[in-house]
Amino acid sequence: MSDEYWHSVKVTGMPVPVDRSLEDSTVELVGMLDHPDPRLRDDLGVSVLTTWIGRGVYDELLHGLGDGLVAGLNHGLGRPEDPTVLRRTSSALLLAEVVNRDTVAQVLDPGTLLAWGDAAAGWLVREQDQRGWSADLGPIHTVANGADLLAALARSRHLGRLELTVLLDVVGDLLLSPTPHVWHHGEDDRLAHAVMTVIHRAVVDRAVECDPRGHGHRGEVRGPDDVGDAVDGLIHQFRRGAAQRHGGITLDLDAAFRILLDIVSPDIQHVLRDVGLRGQELVQLERDFLGERTPGGQGRQCGTGGER
């Protein structure tokens, strides 16, 4: 279909076309996700798909749609400043919408969400193109869209204590990994939102006792009285990462975090003492998300079958 066709769909409220199948429409819209023109990629492809996902159009097809978007996370992965990043970041943004939709509709099984979380972590720690904007391609928002995906995963009922801690590890990787790109397109704010989403789950407020990495107890977090300096440590990580990315200029992020903390229940304001915001090898992240395999071949899902 022509661009004019999809523009007419958008301006009329983005109904699902009745003159063609949903499958055909979806294939065409997904094909726009790596288009160099943001008017087609974002204003039409992403916009229409986001609306349809939110309306429940894909509820019976959510698994397949999500799997297709996960595949898009690996499209051209590893190429720095390459146009293939458009497919990856657009896929991440839409996958976040799919995960959010499942949080509302509750149609997906735990294994699916954990596999998607594993794929998201793998993409973010491997991603070499952290541009937020390109003069040729327009908005890219690699880190910002990745942060939105982490936040969506953090809201999922299928992620428990261990998986949420892995999400924090991924944030730590992003903050501390070297990159030539300066974050000035909302990346810091959206990463902070992802972290606060984890905190608001009030799940990582006790000792992280299940550690398949073999590192022993990571962060003895046993209650509010035991973690007074937890958020200060988190702020330090954000400030350190931001300073590195802004040429050594220390940014005052305390105020933003304090404002965020004001809206969180007091008993979970200090729940992140030494939760391990540090770079991890990808294989460790993957093992944490999907569970370390026991010798008998059974997958052990830490944090999914026990206390949440």
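1. Are Tyr 5 and Trp 6 buried or exposed? Both Tyr 5 and Trp 6 are buried, where buried means under 20% relative accessible area, exposed means over 50% and partly exposed lies in between, with a 1.4 Å probe and protein chains only.

2. On the basis of the comments: this is a predicted model, in which local features need pLDDT of at least 70 and side-chain atom pairs count only at pLDDT 80 or more, while totals for chains, interfaces and linings use all residues. Residues are numbered from 1 along each chain as its sequence is written, and side-chain values use heavy atoms, with hydrogens and water left out.

3. Tyr 5 and Trp 6 form an edge-to-face aromatic pair, with 5.3 Å from centre to centre and 90° between the planes. Rings of Phe, Tyr and Trp (its six-membered ring) pair if their centres lie within 6.5 Å, and planes under 30 degrees apart count as stacked, over 60 as edge-to-face and the rest as tilted. By this rule there are three aromatic pairs, and one aromatic cluster is formed by Tyr 5, Trp 6, Trp 52 and Tyr 58.

4. The protein chain has 12 helices and two strands, in the order α-α-α-α-α-α-β-β-α-α-α-α-α-α along the sequence. Helices (H or I, at least four residues) and strands (E, at least two) are DSSP runs, numbered from the N terminus. Of the 308 residues, 52% count as buried. Among contacts (heavy atoms within 4.5 Å) between residues at least 6 apart in sequence, 73% join residues at least 24 apart.

5. Helix α2 (residues 22-30) packs on helix α3 (residues 38-54) at an angle of about 135°, with the axes 8 Å apart. Axes are lines fitted to C-alpha atoms, for helices over the stretch in contact, and angles run from 0 to 180 degrees between N-to-C directions. The two helices, α2 and α3, are therefore oblique to each other, given that angles under 35 degrees count as roughly parallel, over 145 as roughly antiparallel, 65 to 115 as roughly perpendicular and the rest as oblique. Leu 22, Ser 25, Thr 26, Leu 29 and Val 30 of α2 meet Leu 44, Gly 45, Val 48, Leu 49 and Trp 52 of α3 in this contact. By class, the contact of α2 with α3 has seven nonpolar, three polar and no charged residues; Ala, Val, Leu, Ile, Met, Phe, Trp, Tyr, Cys and Pro count as nonpolar, Asp, Glu, Lys and Arg as charged, and the others, Gly among them, as polar.

6. The axes of helix α4 (residues 62-73) and helix α5 (residues 85-105) come within 8 Å and cross at roughly 150°, and α4 and α5 are therefore roughly antiparallel to each other. The residues in contact include Leu 65 and Leu 69 of α4 and Leu 95 and Val 98 of α5. By class, this contact of α4 with α5 has nine nonpolar, three polar and four charged residues.

7. Asp 82 is found in the loop between α4 and α5. Asp 82 and Asp 129 are 47 residues apart in sequence and 7.6 Å apart in space, C-alpha to C-alpha. Leaving aside neighbours within four places in sequence, Asp 82 is in contact with Asp 129 and Arg 131.

8. Gln 106, in the loop between α5 and α6 (110-126), has a positive phi of about 50° although it is not a glycine, and Gln 106 is exposed, with a relative accessible area of 51%. His 141, in the loop between β2 (138-139) and α7 (142-155), has a positive phi near 55° and is likewise not a glycine; at 22% relative accessibility, His 141 counts as partly exposed.
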